[in-house]
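Open the model in your viewer and keep the selection panel at hand.

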Amino acid sequence: MSLLELHDITFAYPAHGLTLNGACLRLGAGERLSITGPNGAGKSTLLKIAVGLLRPASGRVVAFGQDRRTEADFTEVRRRIGYVFQDPDDQLFCPTVAEDIAFGPLNLGKSKEEALAIVDSILGRMHLSHLRDRITHHLSGGEKRLVTLATVLAMDPDILILDEPTNALDIENEARLLEILQSLPQAILLISHSADFREKIAPCGYRLADGVLTPLD
Ligand SMILES: Nc1ncnc2c1ncn2[C@@H]1O[C@H](COP(=O)(O)OP(=O)(O)OP(=O)(O)O)[C@@H](O)[C@H]1O
């Protein structure tokens with residue numbers, strides 16, 4: 001079954017030429033695909049379109065079997081697609097790590113006890129329990145990156161979008177991230193410049209250049 005389809009997406013930022021010019025992509029259940037390509041090619045732009053943070057000039061977004069056009073459509077899509085942004089500071093906004101991770105489950109209607117149980121379970125699985133009560137703002141870049149992934153996993157999404165997830169990670173934490181990602185059942189869209197990381201997580205996928213996606217060899 002297809003979870004996400006992008007059909008002939010075109011997009012231009014105001015006062016720029018076309019960033020995307022007919023990009024097409026299909027992600028199936030449990031499938032893992034990489035997207036690579038030069039800086040500024042439009043990889044993040046494309047995936048922001050997939051979750052409705054940007055709207056294409058033309059083309060279709062089909063998620064979970066339905067055409068998605070309106071803000072209400074994309075609110076549901078964003079509940080089911082966890083997006084780990086390139087910059088953790090775009091995503092972490094609560095005083096402590098536990099509050100940041102609990103925020104999503106509380107928003108989905110979980111009780112405080114249920115949300116805190118999710119916090120402890122996710123942090124335990126990720127071997128990050130020592131960060132539970134830390135002030136988010138004081139974490140290192142790499143710690144923030146892992147906590148951002150924890151906030152997304154706490155929502156139990158069907159698809160994970162990871163935008164350069166190894167940025168700011170040391171060798172040990174990159175290995176830990178690899179282990180975590182390999183253990184997850186979710187479909188994954190991975191943007192990464194690291195051929196080694198792509199090979200380990202999602203060897204198949206696309207290269208984005210000149211506004212179109214072409215399959216990787
Ligand atoms: N809000 C914006 N307004 C205008 N131009 C933008 C905006 N956001 C991105 N761009 C431009 O659009 C192009 C595509 O950006 P995007 O972030 O999607 O590229 P990317 O492939 O993800 O790049 P990188 O590999 O460097 O992360 C770039 O030239 C960028 O400067």
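**Stop one: the hairpin**

Select Ser 2 and look across to β2, where Gly 28 stands opposite. You are in a predicted model. Now extend the selection to residues 2-12, strand β1, and residues 18-28, strand β2. These two strands pair in the antiparallel sense over eight bridges. Five residues separate them in the hairpin. Click Ala 15 in the turn: its phi is positive, about 70 degrees.

**Stop two: the sheet**

Pick Leu 6, and find its bridge partner in β4, Val 61. Now show the whole open sheet: four strands, in the order β2-β1-β4-β5, with antiparallel pairing. β2 and β5 (66-68) are the edge strands, each pairing on one side only. On average, neighbouring strands here are turned by 25 degrees against each other, direction ignored.

**Stop three: the helix and the ligand**

Select residues 43-50, helix α1. α1 lies across β1, β2 and β4 and runs at about 125 degrees to β1. Which helix gives the most to the shell around the ligand? It is α1, with three residues. Display the residues around the ligand, among them Tyr 13, His 16, Thr 19, Gly 37 and Lys 43. By class, the shell holds eight polar, two nonpolar and one charged residues.

**Last stop: the annotated span**

Select residues 4-216, where UniProt, in an unreviewed entry, places the feature "domain: ABC transporter". The span is 35% helix and 27% strand. Its end C-alpha atoms lie 19 Å apart.

Technical notes: Residues numbered from 1 in each chain as written. Predicted model: local features only at pLDDT ≥ 70, side-chain atom pairs only at ≥ 80, totals over all residues. Pairing = 2+ DSSP bridges. UniProt positions renumbered as here; feature names shortened; annotations may be inferred. Near = placed C-beta within 6 Å. Nonpolar A, V, L, I, M, F, W, Y, C, P; charged D, E, K, R; others polar. Axes fitted to C-alpha atoms, helices over the stretch in contact; angles between N-to-C directions. Contact = placed C-beta atoms within 7 Å.
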